[in-house]
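These are my notes on a first reading of the structure.

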Amino acid sequence: MKKLFYISFLLIVNCSLLIVNCYSQPSITWQRTYEDGENFHNIGFDICYSTPNTYFVIGNRDSYPLNQSQIIRIDDYGDTLWNHINTSTQNQPRSCVYTGNGTCVIVGWGNNSRTKIDSTGAVVWYIPYDTMEAELFDVIRKPDETIISCGSALDPVNGYVIKFNSQGNKIWDKFYNSG
């Protein structure tokens with residue numbers, strides 16, 4: 001009877017340890033805080049792959065009275081390759097997607113705008129709103145090189161989806177009522 005109790009006890013302990021190991025989190029390889037030295041409130045919203053071992057981090061820099069888009073390019077170790085503050089597009093970026101050849105498309109809030117940047121952070125194209133002001137929260141690239149983004153129109157508040165080509169030209173957009 002003691003042996004049966006002892007074997008049952010060992011099985012329960014081993015199973016418990018196995019379950020704990022299955023749900024444990026991986027260790028953090030590195031963690032960084034990116035500051036521009038000017039004591040602004042910098043917020044990162046998304047990250048996307050760029051070229052091998054590099055990534056675009058997009059967000060905005062809250063500098064009253066104007067929010068400015070901020071794009072940082074980092075390597076696999078989190079080291080900053082460059083950091084750009086973009087004051088020309090008036091876009092508050094929320095999401096980005098890699099589009100090939102080191103380029104990235106960024107969508108966000110403010111004028112339903114979309115921006116494409118190259119591997120140096122230079123603006124390839126910038127297209128403000130086509131229909132009405134909207135907040136774009138996510139973006140994906142399809143295999144046919146077209147891009148779809150979704151968010152919400154602001155007046156009236158509706159769901160909003162836009163599809164555009166690799167030059168940023170709108171193919172179609174659609175509003176979705178909540179009712």
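**Entry 1**

I began with Val105 and set aside its neighbours within four places in sequence. In this predicted model, the contacts of Val105 are Ser95, Cys96, Val97, Thr99, Thr115, Lys116, Trp125, Val139, Ile147 and Phe164.

I then looked up the largest nonpolar core, which has 13 residues. Val105, Tyr160 and Phe164 are the members that touch the most other members. I noted which elements give two or more residues to this core: strand 6 (103-109), strand 8 (123-127), strand 9 (134-141), strand 10 (147-154) and strand 11 (157-164). Another core, of 9 residues, lies apart from it and includes Cys48, Phe56, Ile71 and Trp82.

**Entry 2: Strand 11**

I asked how many of the 8 residues of strand 11 are buried. I found 6 of the 8 to be buried, so strand 11 is largely enclosed by the rest of the structure.

**Entry 3: The partners of strand 11**

I looked next at strand 10, which pairs with strand 11 in the antiparallel sense over 8 bridges. Within this pairing, I found Ala153 opposite Asn158 of strand 11. A hairpin through 2 residues connects strand 10 to strand 11.

I then turned to strand 12 (residues 170-176), which runs antiparallel to strand 11 and is joined to it by 6 bridges. Here I recorded Trp172 of strand 12 as the bridge partner of Lys163. Strand 11 and strand 12 also form a hairpin, with 5 residues between them. In that turn I noted Gly168, which has a positive phi of about 90 degrees.

Terms used. Residues are numbered from 1 along each chain as its sequence is written. This is a predicted model: local features need pLDDT of at least 70, side-chain atom pairs count only at pLDDT 80 or more; totals for chains, interfaces and linings use all residues. Side-chain values use heavy atoms; hydrogens and water are left out. A nonpolar core is a set of buried Ala, Val, Leu, Ile, Met, Phe, Trp, Tyr and Cys residues joined through side-chain atoms within 4.5 Å. Buried means under 20% relative accessible area, exposed over 50%, partly exposed in between (1.4 Å probe, protein chains only). Helices (H or I, at least four residues) and strands (E, at least two) are DSSP runs, numbered from the N terminus. Contact means heavy atoms within 4.5 Å. Two strands pair if DSSP finds at least two bridges between them.
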